[in-house]
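Thanks for coming. I will take one structure and go through a few of its parts in turn.

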Amino acid sequence: MGNSRNPHWEKDKIDIFSFLSKIDLDWKLYKKGLKENKISYFQQDLIDLLNKTFEIKELGLNRAKMAKLKKSILSKIKKV
C-alpha cells in the first residue's frame, strides 16, 4: 500500500474512496479480475486501506459515514 506521507498517495486514496462511495462494484468480477491478473494481494491492500482510514474530509466522509461505507464494502467482499 502507498506511503501515507506522500501527497500523491493522499490523492490516490481520495480517488479510491470517491470511486467506492459512488458506484456499486461487482465484487465477484473484481475478485475474478484480480485472480486472472495474478494480483490477488490487491484485495488485502484494499481491506488494509479500509481499516486504516477513518474519514476523508475532502469527500465529506466523516467518521460515521466512513464507518457505514467500510461496513458495506467489507461485507460485500466477504460474501464473494
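The largest pocket has a volume of about 250 Å³. A pocket here is an open set of points on a 1 Å grid over the protein atoms alone, where a 1.4 Å probe fits, with protein on both sides within 12 Å along at least five of seven lines; lining residues have an atom within 4 Å of a point. The volume is the space filled by probe spheres set on the points, which are joined across faces, edges and corners. Eleven residues line this pocket, and Ile16, Leu20, Tyr30, Phe42 and Leu46 lie nearest its centre. H1 and H3 are the elements that give two or more residues to the lining; helices are DSSP runs of H or I, at least four residues, numbered from the N terminus.

About the source: this is a predicted model, where local features need pLDDT of at least 70 and side-chain atom pairs pLDDT 80 or more, while totals for chains, interfaces and linings use all residues. Residues are numbered from 1 along each chain, and side-chain values use heavy atoms, without hydrogens or water.

Now helix H4. Met66, Leu69, Lys70, Ile73, Leu74 and Ile77 are buried there, meaning under 20% relative accessible area with a 1.4 Å probe, protein chains only; exposed means over 50%, and partly exposed is in between.
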